[in-house]
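Colleague: Could you walk me through reading salt bridges and a helix here? I would like the general idea and then the case at hand.

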Amino acid sequence: MRTLLAALTASALALGCGAPTPSTPTAADAKQFLETVNDTMHRLGVEQNQSGWVQQNFITDDTEALSARVNQRYIDTIARFAKDATKYDKVDVPADQRRQLNLLKLSLVMATPQNPKEAEELTKIMARLEATYGKGKWCTNPEKPDTCLNIDEVTKVMAMSRDPKRLLEVWEGWHTISPPMRNDYARFVELSNTGARELGFADTGAMWRAKYDMPPDAFTKELDRLWDQVRPLYLQLHAYVRMKLRAKYGDAVPANGPLPAHLLGNIWAQDWSNVYPLVAPLNADPGFSLDDILKRRKTTALEMVRTGERFYTSLGFDGLPKTFWDRSLFVRPRDREVVCHASAWDLDMESDIRIKMCIDQTGEDFTTIHHELGHNFYQRAYKAQPILFRDSANDGFHEAIGDTIALSVTPEYLVKIGLLDKAPDASRDIGLLMSRALEKIAFLPFGLLIDQWRWKVFAGDVKPDGYNKAWWDLRLKYQGVAPPSARGEQFFDPGAKYHVPDNTPYTRYFLAEILQFQFHRALSKAAGCTSPLHRCSIYDSKEAGSRLNAMLSMGQSRPWQEALETLTGSKQMDASAIIDYFAPLKQWLDEQTKGQPIGW
Ligand SMILES: [Zn+2]
């Protein structure tokens, strides 16, 4: 992940908007306005990053309070600017200024109603929803705190336990945190819709969909088209995993129905990597462990990051600045609390880029370093753009870039950089592809359905008395996953997923999964790779690097379709690269599931 400048929740549209507007604003006024906006956003954005960095590196009550204050000021200012931008709706301005004005209006994730009472109510509800999730715990005995599980502990049980009774109990337990959110969520929907309508959108969901350089309805159709491209592969994976889980758990897993949500190794069944040992193909062990190699060589965190940097310099990018090495956090400090979740930062929105990670000597962290640096190199590539364009082409692109590079961390790459003597032969590919599919293919329908649910809720197609039913209908439709026990409207299961109470749009994660394979295929071609796609690494290819840089440096200055075309030659997102990448696995799955029921 990275820190998101644009992930804003407006809470201050209700504030007075300063000086009275001239009766008819001119193009010169618009230009002047944008200059003010860019300057202010830069100044406040730097302050926000600095306070956020300090807060996450030195967690105390004071740094939290300071950071919250700076955040609020930043958000309030953007909210006021977003509203002011509507004054120039009818003014004739150059195209790039029009785009900046539109992006400004769309930078809000939530618009607060103008009515101060409603605005205050909404702000309180949002804080309460977040706090309810954040403090969420399930206790077998509420009298005894040591029987309580927070989300980290729940995650561990779901990943490690193979006891269906325990898994069911913990699954149901975690879902007890969210029913108290139900009324708040319904009111949040009403109030945030009011705010969205005041900005000219049909509802909050329509406001989110408007960010994709195409009509909201066309965007929805586009998502359906992409999902249809990958659905056959998902169905095969689903059928195979069902067969294997049925062998393990018996009738708890139906022969031809949906998968039970509590047996997939993850509380939301969004990533199935943890059931790999139960579904592992025979004789597909890659024969090496990057964890072991890094440990045996006593590779330090710093050396791991240096290796990641060399990936990018091999593509032709400049090395990281000295400040990156001086100011980043690579290892967990012994003497203080820090947020260890890996993130990439762009402190001054120019060149003070950093990562913050507590690196372990593991293959997973080695890959994550390549991912995080992808954000940093993106940030640096678009630094010449106006502030409002210093972001990824759409919100799926930023995550996709880091992951694209991570796809190039292949055994062949490890051989090239001297970490591995010899790459395993092709017969071992099924194991690597299976573990990747359990992570990435399994995620796709989940990545899609969260916002399908929210868009229906915001649009009023799903009313509060049908929240839970609509949720499980979508989970069945897209994921082929069913709850382990009856889930009536006394529950509020969407609220047990962080991004719902936190109100973070989710479609970006679906897009990132699609785009990373499309980028990987295009860059591999540019690099002249003729191997099967999953064996290609763009390491050391200047040609791939210059393609990549051409797109990254555009930032958000042009519609994402043009950015996509710059890298791939096509203006259309295309999930067929996923099918190419997983072709050997698909073939293998077809054989394994011969005669087995497919679908649910
Ligand atoms: Zn990321």
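This is a predicted model: local features need pLDDT of at least 70, side-chain atom pairs count only at pLDDT 80 or more; totals for chains, interfaces and linings use all residues.

Colleague: Which residue forms a salt bridge with D213?

Modeller: R99 does, and the closest N and O atoms are 2.9 Å apart. This pair joins distant parts of the chain, 114 residues apart: R99 sits in helix 3, D213 in the loop between helix 8 and helix 9.

Colleague: Is R99 buried or exposed?

Modeller: Buried, because its relative accessibility is 12% and the cut-off for buried is under 20%.

Colleague: Where do D429 and R535 lie?

Modeller: D429 is in helix 17, while R535 is in the loop between helix 19 and helix 20, 106 residues apart. Their side chains meet in a salt bridge at 2.7 Å, N to O. D429 is buried at 7% relative accessible area, and R535 is buried at 15%.

Colleague: And what separates D590 and K586 in helix 23?

Modeller: About one helical turn, because they are four residues apart. Their salt bridge spans 3.4 Å, N to O. D590 is partly exposed at 32%, as is K586 at 24%.

Colleague: Back to helix 17: where does it bend?

Modeller: At A437, by about 40°. Helix 17 covers residues 429-459 and reaches 45 Å from its first C-alpha to its last. Of its 31 residues, 25 are buried. Just after helix 17, G460 takes a positive phi of about 85°.

How values were computed
Residues are numbered from 1 along each chain as its sequence is written. Side-chain values use heavy atoms; hydrogens and water are left out. Helices (H or I, at least four residues) and strands (E, at least two) are DSSP runs, numbered from the N terminus. The expected span of a helix is 1.5 Å times one less than its number of residues. The bend at a residue is the angle between axes fitted to the seven residues ending there and the seven starting there. Buried means under 20% relative accessible area, exposed over 50%, partly exposed in between (1.4 Å probe, protein chains only). A salt bridge is a side-chain nitrogen of Lys or Arg within 4 Å of a carboxyl oxygen of Asp or Glu.
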